[in-house]
Amino acid sequence: MDEHANHDVLIEGVLNGEWRATARAISIVEDLRPGRVEILARLYLAGRSSSVCGITGPSGAGKSTLVDALASRYRDADERVGIVCVDPTSPFSGGALLGDRIRMNEIVVDPGVFIRSMATRGSRGGLGRAAREVISIVEATGTERVIVETVGVGQIELDIAEAADTVVVVLVPESGDGIQAMKAGLMEIGDVFVVNKADRDGADGLLIEIESVLALRTGQEWSPPVLTTIASQGQGIEELAEAIDTHRQWLVSSGEGERRRRHRIVSYVKEIVLDALATGLWEEGGYSDKLDESLQEIMAGRKDPFSAAEEIVSASRMLESLNMDTD
Amino acid sequence: MVNKEQGQGMSGKSDIRKDEERWHEEVKDLAEIRERFITTSSEEIDPLYTPTSLDGFDYLRDLGFPGEYPYTRGVYKNMYRGRMWTMRMFAGFGTAEDTNERFKYLLEHGQTGLSTAFDLPTLYGYDSDAPDSIGEVGRCGVAVSSLEDMEILFDGITLDQVSTSMTINGPAAIVLAFYAAMAEKQGIALDKLSGTTQNDILKEYIAQKEFIFPPAPSMRLITDTVEFCAHDMPRWHPISISGYHIREAGSTAVQELAFTLADGFAYVEDALERGLDIDEFAPRLSFFFNAHNDFFEEIAKYRAARRIYARRMKEKYRAKNPRSLLMRFHTQTAGCSLTAQQPENNIVRVTIQALAGVLGGTQSLHTNSMDETLALPSDKAAKVALRTQQIIAHESGVVNTIDPLAGSYFIESLTDKMESEAEEYFERIEKLGGVIPAIEKGFFQQEIARAAYRYQKEFDSDERVIVGVNRFVEEDEKIEIPILEITEEMHERQVTRLRALRERRDEDGVKEALAEVRRVCSGTENVMPFLIEAAKAYCTLGEIVDVMREVFGTYREPSMF
Amino acid sequence: MVENKIRILVAKPGLDGHDRGAKVVAAALRDAGMEVIYTGLRQTPEMVVNAAVQEDVDVIALSILSGAHMTHFPAVLELMREHGIADEVLLTGGGIIPDEDIEALMEQGTGRLFGPGTNTGDIIAYIRDWNESRP
């Protein structure tokens, strides 16, 4: 089979905004199948035009409903929307249950909406990289909007902050108790804050609490707005859409967008390099065997891990070439 | 012969405890045939129960006498010696004519109450000719799209002579209005009607998932029916708070018990908030439980349910009328326990389950037909199921004495354990903000899904044996049960009738009645009288629900993973 | 380091709300290392096939206990053909489906359909075997 020709068709399909080709390209990237580097590289050069918005928050905050409502709002303006929903992979089985579509009834049959559920897998490079690559494929389809939904736990939301232009943190009155105690992370990455289910008891209190926490965020030019929504009734969605756009404009006018982009490219290239080095070392260079040899000695208390690493690093300097496409 | 008094006096608790320890010591090294001995709900059971299992047990406080607080031993003083349970077989399929025929057949064979199953479109408030109804009309029950269908369904049945149960939830208020309108048109006063509407939306969100509107307006509709019945249909049970479906969805017995009671208390609180007096409506609340395979676990569940309910109604809600404290319930044998393989074995399962329901003191009973995992029950299978109840009632002798298992160390300690585990669940639900917030957070759904998955894993690993399915299997089994078929012709007949009705009726009257329904739904007036008017104007179910959907909105399940 | 995860769409088409089986199977497939996209209740054939295309799933599994299987399975199959995924995506499922209907549906192009009392291990094995035997 001529893989190359196949990828031409696929890449063309993605660029034409065909969902099936897009879906397949994402699978190739997720599965680390042959051709992924070629696909990513060519789609990367096709340029980016989308506004990438990350939506994160604790489970039960109504994120999927909010995404549903926001996407409907974009569709009303005739903008195409790509949605990537990220959920954790089970560390025990490697499987995942991806249930975000349940709450997206409004948009699941809209031909102008592409939804992809993605498990963290965590094979390499962290979620930041995998998600960024999936997002870049969706962007290449020419959708005006890309929304990335993630559950706000652990490392995931920090990774998403890396990948998105604007991060919307969604909270609900029930999450009020723990704002102060909540991981600094969630409160620090938000560019826009949303109190969803704002008709519930405690919404006002939460609002005040968020604002007081945000007041401690000093030395930043952007002061994140705190909005209220009732996503299930579409309330506050317009304001949210506006806040996202305002933030995006600020990114451009302040130069912050440029800075973030530069940072992102640098860390992406570094990741790719690290990855290639690691693959070259452990998988192709046969250094896993060398590590195994040292392992016995370290276990026996005759060698320390630093010396073992030093040996591997020195030896690896003799690696002549690295294969970038680490298929 | 041992003197009774002497027998009690001679062995004190400490003697028993000492002997018991010795006994445990002696048996602990004996080989056992299984690693764990678990109930249907995966609860481990001890090898032996003795008086020491009942520390702190107080007969008068914990059991009392039948028909007396806390009603553990039964809600009536003489129970089945005074009146047998109602043998109520759930029936419904195809068009109203088809089910009407089945109703008459069951009444002729000695059934004493009717129970109506509606098809899925009706349960979701769609007319039979709606696009969403395609493929579903008449399949899981009878299609009722208008008062006309209701009139055909009960044709030749005297409404004030029969008690009618209707399994309907989302659109229950409307279907109840159809029934009331039919009675009024026949000149039968509403206060002569007896029966039950299931009308339990909370368990729909929790387990059965046939919901239409969001929780708040759904609760309002239910409380409207509660209020209406309290005033105008005093012999009607407006809600049957149902654990049946919670169990079918895979819950444990304790979850069934706890979630159902929590739902019940939520309805009570909603009605109290409306300003109703507890003793005005509580006597008409009824319950509906599952009867699964694990005989003792089920019996303990019913007994615990009665006791928890009576205690709460008295202590928390301050009910004064003793009738407000009675948990009366209907029981249905567990559909999910039946097997498609060797279906005749289901007759035996149903017998054990029905017996548990009876020993648990049920007020009415539906016994499943052996062919229900294959399709809707055939006449023959439904008759065998009814005969099963009759044999228990008349041949087994279990009705001779009230609550015969009371005092069993095992049954009483199991009853206590279920009560305390249910109380733990009540606390967790309370912490989540109550039943509706817990639903919206997916709490019940996740608890149930977890229990269902555990049960499946026990089955997959053969720890849990199901006869004919993973043990005692017959290879190349051919199933020889005649299966009732729902034909396309039934669907066509129904759609044709509905379209003819739309042609025939007075359109102005329909519009006017629907506008009234819209107005009342947007306000706070009780919607029931207006629904009855809409029914009489032959507004269809779908038309009324459409209006309500516009006012109330729709509900979507929370994502649960 | 190719990581070919089996992706599978689990859906409940039509009005049937009995989702115990669908959820149990979804959990079992997850625990077997698959990525399960669970769409929930009340799915139309369009929703099912649309999701299957965008999620690039290998398998579609429908759960139907309402008796409407002869409506929903063929409708999904037809749309799968329309979208050009009928040849590469397996359509399987389960529920209360009489033997003769299973035969008829398999003839129309569905994979195996599972009834009550199925060991989830059999479903997992079936899907893995199917996946292995793909060209």
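Good morning, colleagues. The model on the screen is a predicted one. For the complex, the predictor gives an ipTM of 0.95 and a pTM of 0.91. Chain C has a mean pLDDT of 94, with 99% of its residues at 70 or more.

I turn to chain A. Its secondary structure comprises 12 helices and 8 strands. Of the 327 residues in chain A, 42% are buried. Contacts in chain A between residues at least 6 apart in sequence join, in 77% of cases, residues at least 24 apart.

Next, the contact of chain C with chain A. Here 27 residues of chain C meet 28 residues of chain A. On the chain C side, the elements that give two or more residues are α1 (20–31), β2 (35–43) and α2 (45–54). By class, that side has 13 nonpolar, 6 polar and 8 charged residues.

How does β2(C) pair with strand β3 of chain A, in the parallel or the antiparallel sense? The pairing is parallel, and it runs over 3 bridges with β3 of chain A, residues 96–98. Within β2(C), V36(C) is the bridge partner of L97(A).

Finally, the contact of chain B with chain C. It takes 32 residues from chain B and 26 from chain C. The elements of chain B that give two or more residues to this side are α6 (120–123) and α19 (443–460). Of these, α19(B) gives the most, with 5 residues. The chain B side has 17 nonpolar, 8 polar and 7 charged residues.

Thank you for your attention.

Methods:
Residues are numbered from 1 along each chain as its sequence is written. Chains are lettered from A and ligands numbered from 1 in the order in which they are written. This is a predicted model: local features need pLDDT of at least 70, side-chain atom pairs count only at pLDDT 80 or more; totals for chains, interfaces and linings use all residues. Two residues are in contact if their C-beta atoms, placed from the backbone, lie within 7 Å. Helices (H or I, at least four residues) and strands (E, at least two) are DSSP runs, numbered from the N terminus. Ala, Val, Leu, Ile, Met, Phe, Trp, Tyr, Cys and Pro count as nonpolar, Asp, Glu, Lys and Arg as charged, and the others, Gly among them, as polar. A residue is buried if 20 or more other C-beta atoms lie within 10 Å of its own, exposed if 12 or fewer, and partly exposed in between; C-beta atoms are placed from the backbone. pLDDT is the predictor's confidence in each residue, from 0 to 100. Two strands pair if DSSP finds at least two bridges between them.
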